[in-house]
Structure formats: structure tokens, C-alpha cells
Amino acid sequence: HAYKIGWEQLIIFCITIVFTLGVDLLVGIGAGMLTEMLINLINGKPIRATFKAPVWVYTLQGDFVVEVSSAAVFSNWLSIKKELDAVPAGSNVTIDLSQTRLVDHSVMENLHLFEKAYNQTGGFAHVTGLDKHKPVAGHALSARKLKMN
């Protein structure tokens, strides 16, 4: 299952399991997190975007736009979520990822869940800007890397 989401998810899963079984649960979790951070750096995430994503929220003709730049990864998801949660319920929300170099699986999944939940409350949320990003696997929620020309 992890491999279908992307090769990096399989590596993270295997390292987490090995360290959890070989050492300790907390060490395994830490090893998995460090592995994912290293993979994200290799895939183009700038160091400055490790824990806080550059996020701008503005209105455009009455609709909200949440623009994320640099990278959207598991370690900076809370800064993105904070901005999404501040958007009033029932609005039209565009989540623009066109300026990101990398969007990891965790954020893809969380954005999918956010869209679903927000749309059920009477608003409309959708993600845009991934047309120039390449999925790392065939899974709909796999990580996306900006294609280099």
C-alpha cells in the first residue's frame, strides 16, 4: 500500500518499522520523521519551509484565495491549516499550489480531506496549481514535484 502512494512512502514506512521493532516506538517515529524530512529536502523543499510554509490569504472578487509557495509538507502543514481554518465557512476557497516546488503525500491527503469537509458545510473549496507538478506515483494523493524544464 505504501509503495502505491510513492517510493518515498515505502522507504519511510520501512525505516519507521525497523527502528520501532529494533529500538523503541518513539525512536521509530523520530527516524521516520527525519527520513521524510531528508527525502523532502532531496526533492527540493527549501530549508526555510521546514516548519512554516509561506502562505498568503486574500480575496479576489469576493472569493478567498489561499496561496502556498515554496513547499507544502507534513512538517509545515499546521501553518497551512491555520490559514485555511481562518477562512469563513460557506465561502468559495481556492487553494493555489502553483508556486510550490513540492507537495508531499501528507499535505495532499489533508487537502483532500479539507476539501471534502469544507464542501459538506456549504462552502466550496478546490485545489489548483498542480498542473506543472509531476506525481511521484500513480496514486491520486501521491507527492507532487514541480517539473523542471
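Student: Does Gln120 count as buried or exposed, and at what relative accessibility?

Tutor: Gln120 counts as exposed because its relative accessibility is 64%, where exposed means over 50% relative accessible area, buried under 20% and partly exposed in between, with a 1.4 Å probe and protein chains only. This is a predicted model, in which local features need pLDDT of at least 70 and side-chain atom pairs count only at pLDDT 80 or more, while totals for chains, interfaces and linings use all residues. Residues are numbered from 1 along each chain as its sequence is written, and side-chain values use heavy atoms, with hydrogens and water left out.

Gln120 lies in helix α5, which covers residues 105-120; helices (H or I, at least four residues) and strands (E, at least two) are DSSP runs numbered from the N terminus. Gly90 is 30 residues from Gln120 in sequence, and their C-alpha atoms are 9.5 Å apart in space.

Of its 22 residues, Ile80, Leu84 and Val93 touch the most other members. Two or more residues come from each of β2 (63-72), α4 (77-85), β3 (92-103) and α5. In soluble globular proteins, nonpolar side chains tend to be buried together. Leaving aside neighbours within four places in sequence, Val93 is in contact (heavy atoms within 4.5 Å) with Phe64, Val66, Val87, Tyr118, Phe124, Ala125 and His126.

Strand β2 also holds Ser70, whose phi is positive, about 75°, although Ser70 is not a glycine. Ser70 counts as buried because its relative accessibility is 7%. Gln61, in the loop between β1 (55-60) and β2, likewise is not a glycine and has a positive phi of about 55°. With 81% relative accessibility, Gln61 counts as exposed. Most residues other than glycine have a negative phi.

Of its 149 residues, 44% count as buried. Among the contacts in the protein with a separation of 6 or more, 64% are between residues 24 or more positions apart.

Conventions: Core = buried A, V, L, I, M, F, W, Y, C linked by side-chain atoms within 4.5 Å.
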